[in-house]
Amino acid sequence: MNGLFIFRRILSISLSSKGIYPIMKKLSQDSLNNSSTQTSLIQSYIQRQAINKAYRLFLNMTNKSNDIYRIMIKGLVSNNMLEKVLDLFDDINIQPSPIILTMLFGVCARINNDRAKETGKKFLNQASNEMLNDNILLTSAINMLMKFGDVKNAEDYFDIIKNKNIITYGAMLKGYTLNNMCDKALDLYEQIKLKHNNITYTILLNACAQLSTNRAKEIGKKLLHQISKDLPHDNILLTSALDMLMKFGDIKKAEELFHLIKTKDIIIYGAMMKGYTSNNMCEKALDLYQQVQLNHNNITYSILFNTCAELSTNRAKEIGNKLLREMPKKFKEYNYINNSAIDMLMKFGDIKNAEILFQTIKKKDIITYGAMMKGYNINNEPLKSLKLFEEMKKNNIIIDEIISIILIDTCAKIGIRSMCQSIVNQISPHLLDNQQIKNALISMWGKAGLVKNAQQIFELVDQPDVITYNAMINAYGKNLLGLEAVDLYRKMPVNLRDKISYVSVLNACSHSGLFDEAYSIFNKISNKTKNVVTTMVDCASRLFLFDEAKKLIEDYEKYNAPYSVMYMALLSGARNARNSHLSKEVYQKIKVLFPNEKNVLISASILLCNISSSLGRHEEAQTIRLDRIKELGNKVKAGLSWTEVNGEVVQFTAHDQSHPRSKEIYAEAQRISSELIKYGHVHDASWITRPLREHETAESVLCSHSERLAIAFNFIEGRKPSSIQITNNLRVCGDCHQATKLIAKIRQVEIVVRDANCIHHFSTNGTCSCQDHF
């Protein structure tokens with residue numbers, strides 16, 4: 001015993017001077033094989049962070065004790081070598097003590113993969129009855145099983161504990177919350193007769209926050225009252241309390257609590273900023289950010305990027321870009337921060353910098369790809385989204401539910417049927433049974449003009465929710481099947497209808513000219529939001545019922561601030577009716593009421609300019625155009641059209657020369673134009689939104705619109721397609737609409753064109769499904 005004490009003393013001195021290796025050379029082989037000596041050496045290696053040497057020495061030991069297992073496991077855990085801990089238990093030949101099993105269950109809970117589940121459950125099943133009287137061991141087992149999602153077995157072990165303490169209750173409460181069974185957590189809370197500690201209070205506040213039901217709100221506020229005396233001393237508890245109040249939407253109470261906190265850390269600030277953002281009070285979040293004098297952490301960077309993304313105002317862009325520029329390098333290693341930054345840049349419309357950031361990420365995960373793909377969709381670049389999907393497949397990244405929904409949205413953006421089917425074929429069958437994915441597919445097929453496909457999926461949904469109904473109503477509306485949309489709306493359970501349902505059915509009526517049906521539905525809507533009223537204004541304006549449209553606006557503005565989109569709907573109707581007087585009146589109102597809405601002013605100016613051109617007042621149109629450029633700049637949203645031929649999806653802009661076969665496309669466009677003229681078509685120059693340049697004619701400009709080039713691409717080499725499908729991101733112009741009806745008749749081919757408003761089905765008899773009501 002004295003010899004061992006001397007050895008340990010020498011070893012302790014050597015650690016602070018020459019190291020253990022000179023000492024080891026002087027020890028006999030018998031000493032080195034002594035388990036006590038080996039234990040001391042392993043401890044020394046671990047202290048010196050030579051974990052691999054400690055592990056090798058451990059493997060060579062013949063007589064391993066529970067004590068040496070404890071030391072080795074602790075060393076591996078502190079070095080984050082958790083899988084190595086499982087390796088130890090593959091070959092263990094002693095009965096593990098309760099302490100060792102407790103450590104093992106903690107490691108298995110952290111790893112939480114198939115191997116960990118197998119190992120953890122195996123040793124739990126082998127535990128003796130005596131061990132199962134150990135509260136610490138069973139609490140660790142309950143925590144592990146809850147992490148595995150094995151709630152039933154966790155409950156069984158919990159029930160056998162005779163003398164439950166608050167820590168055991170805490171493990172169950174945390175487990176229920178982790179497994180989205182917060183109601184069960186609250187049921188258990190109501191059975192507890194013990195005094196709570198800060199940990200159980202924190203868990204319960206989190207459970208109440210997740211639920212946010214009336215019961216949860218009642219219990220949450222009761223808990224706050226119980227712990228109010230201790231709150232100022234525990235910032236973790238305070239953070240949970242703030243988060244809960246924010247999720248309840250009780251901003252006032254959260255702010256009162258926040259102001260009571262004397263020593264605020266960055267986590268407390270983060271909880272408030274996140275709460276403001278989730279309650280659509282992003283400006284308040286940025287106000288608070290500008291008051292913070294502390295260094296930001298990884299969480300607050302992510303929160304602030306999300307806040308700036310939500311707002312996307314000039315102020316938000318300035319703050320977001322500054323944060324990204326000045327963010328310390330260490331935070332750029334966190335994928336979730338980069339993902340938030342990519343989402344922010346994409347919502348700013350800054351595709352270039354989002355792409356640069358994406359390329360700098362070394363280990364791109366599925367969420368990173370999702371952020372980029374979603375961003376491309378937002379910015380009307382769905383083809384780039386599909387390229388990323390191909391990259392994911394090359395990198396063997398298996399798509400999940402979220403990526404599937406993003407891909408379906410990508411297809412919905414492009415609207416090409418063959419592509420839609422190709423992507424659906426690549427989604428796992430078990431995911432196709434997911435209701436969220438079914439809802440997305442209904443919307444996609446509706447936007448691709450295949451209403452029957454949408455109906456088939458709708459009928460497969462056992463319990464349609466509000467999103468399912470809205471998607472189907474919208475699919476009918478987009479395809480100008482207004483009566484079907486109204487019929488489904490009336491079959492929809494009244495309690496399911498929401499503001500989107502109202503807008504969808506009214507929009508369907510608007511595009512099908514069903515004013516009486518729309519008015520009947522509108523009158524029964526109790527909460528007439530600005531979007532509901534706007535859709536009704538649009539419905540009246542499309543039918544040139546301008547007195548009714550103006551009355552709707554006047555009634556709305558008696559109690560609400562003016563809304564620019566209502567006036568744009570009225571102006572659009574006036575443009576279609578070529579009502580110059582009303583157009584000027586509405587345009588002047590827009591300038592007075594919405595002087596800071598630049599995009600609205602540009603769109604309104606273009607519509608007014610079109611009206612002047614359509615009436616032959618070209619000088620007036622030029623004056624309006626020049627005034628717009630002078631005041632607002634010349635930034636007009638570019639028209640894009642997509643089509644697919646022989647598996648190739650092509651994107652065109654107006655006057656596009658980028659395709660390798662541009663000469664052939666333009667030659668075919670000219671042939672089509674000659675045929676149109678022969679059949680009596682007169683190119684309508686009123687739809688040209690800019691002055692003609694030298695060598696340009698109305699014919700050459702209109703024949704170079706993106707949808708006309710897309711149609712020509714389908715006919716090059718003299719082939720006759722069975723059908724043509726085109727998606728346009730803007731509303732189709734009147735001249736293209738008239739021309740496409742004739743092309744379908746002349747070339748005897750069905751053409752489907754989806755524009756920003758609806759889906760036009762052009763028949764071989766020269767008619768359109770919209771009956772010129774677009």
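Student: Which helix does Met392 lie in?

Tutor: Met392 is part of helix H25, residues 382–394. A helix here is a DSSP run of H or I of at least four residues, a strand is an E run of at least two, and both are numbered from the N terminus. The model is predicted: local features need pLDDT of at least 70, side-chain atom pairs count only at pLDDT 80 or more, and totals for chains, interfaces and linings use all residues. Residues are numbered from 1 along each chain as its sequence is written, and side-chain values use heavy atoms, without hydrogens and water.

Student: How many helices and strands does the chain have?

Tutor: The chain has 44 helices and 5 strands. Its C-alpha atoms fill a box of roughly 115 × 60 × 50 Å along the principal axes.

Student: Why is Met392 called buried?

Tutor: Buried means under 20% relative accessible area, exposed means over 50%, and partly exposed is in between, with a 1.4 Å probe and protein chains only. Met392 has 0% relative accessibility, so Met392 counts as buried. Of the 774 residues in the chain, 51% are buried.

Student: What does Met392 touch, not counting residues up to four places away in sequence?

Tutor: Contact means heavy atoms within 4.5 Å. On that basis Met392 touches Ile366, Tyr369, Met373, Ile397, Ile399 and Ile403, with residues up to four places away left out. Across the chain, 63% of contacts between residues at least 6 apart in sequence join residues at least 24 apart.

Student: Is His705 buried or exposed?

Tutor: His705 has a relative accessible area of 15%, which is why His705 is called buried. His705 sits in the loop between helix H42 (698–702) and helix H43 (706–715). Leaving aside neighbours within four places in sequence, His705 is in contact with Ala654, Trp687, Cys733 and Cys736.

Student: What makes Gln435 partly exposed?

Tutor: Its relative accessible area is 28%, so Gln435 goes in the partly exposed class. Gln435 is found in helix H29, residues 435–447. Not counting residues up to four places away, Gln435 touches Val461, Gln463, Pro464, Asp465 and Thr468.

Student: What is remarked about the phi of Asn112?

Tutor: Asn112 has a positive phi of about 55° although it is not a glycine. Asn112 lies in the loop between helix H8 (98–111) and helix H9 (114–126). With a relative accessible area of 30%, Asn112 is therefore partly exposed. Arg578 also has a positive phi of about 55° and is not a glycine; its place is the loop between helix H37 (564–577) and helix H38 (580–593). At 35% relative accessibility, Arg578 counts as partly exposed.

Student: How do helix H21 and helix H22 cross?

Tutor: Two packed helices are described by the angle and the distance between their axes. The axes of H21 (residues 314–326) and H22 (residues 335–347) come within 11 Å and cross at roughly 145°. Axes are lines fitted to C-alpha atoms, for helices over the stretch in contact, and angles run from 0 to 180 degrees between N-to-C directions. Gly320, Asn321 and Leu324 of H21 meet Ala341, Met344 and Leu345 of H22.

Student: How do the residues of that contact divide by class?

Tutor: They divide into 4 nonpolar, 2 polar and no charged. Ala, Val, Leu, Ile, Met, Phe, Trp, Tyr, Cys and Pro count as nonpolar, Asp, Glu, Lys and Arg as charged, and the others, Gly among them, as polar.

Student: How many cavities of 30 Å³ or more does a search of the whole structure find?

Tutor: The search finds 1. On a 1 Å grid over the protein atoms alone, a cavity is a set of points where a 1.4 Å probe fits but cannot get out; a pocket is an open set with protein on both sides within 12 Å along at least five of seven lines; lining residues have an atom within 4 Å of a point. The largest cavity holds about 50 Å³, a volume being the space filled by probe spheres set on points joined across faces, edges and corners. Its lining is Ala669, Ile672, Ser673, Leu676, Cys703, Arg708, Ile711 and Ile743. Helix H41 (662–678) gives the largest share, 4 residues. By class the lining has 6 nonpolar, 1 polar and 1 charged residues.

Student: What lines the second largest pocket?

Tutor: That pocket has 17 lining residues, with Lys332, Asn338, Leu357, Thr360 and Ile361 nearest its centre. H21, H22 and helix H23 (351–360) each give two or more residues to the lining. The lining of the second largest pocket has 6 nonpolar, 5 polar and 6 charged residues, and its space is about 470 Å³.
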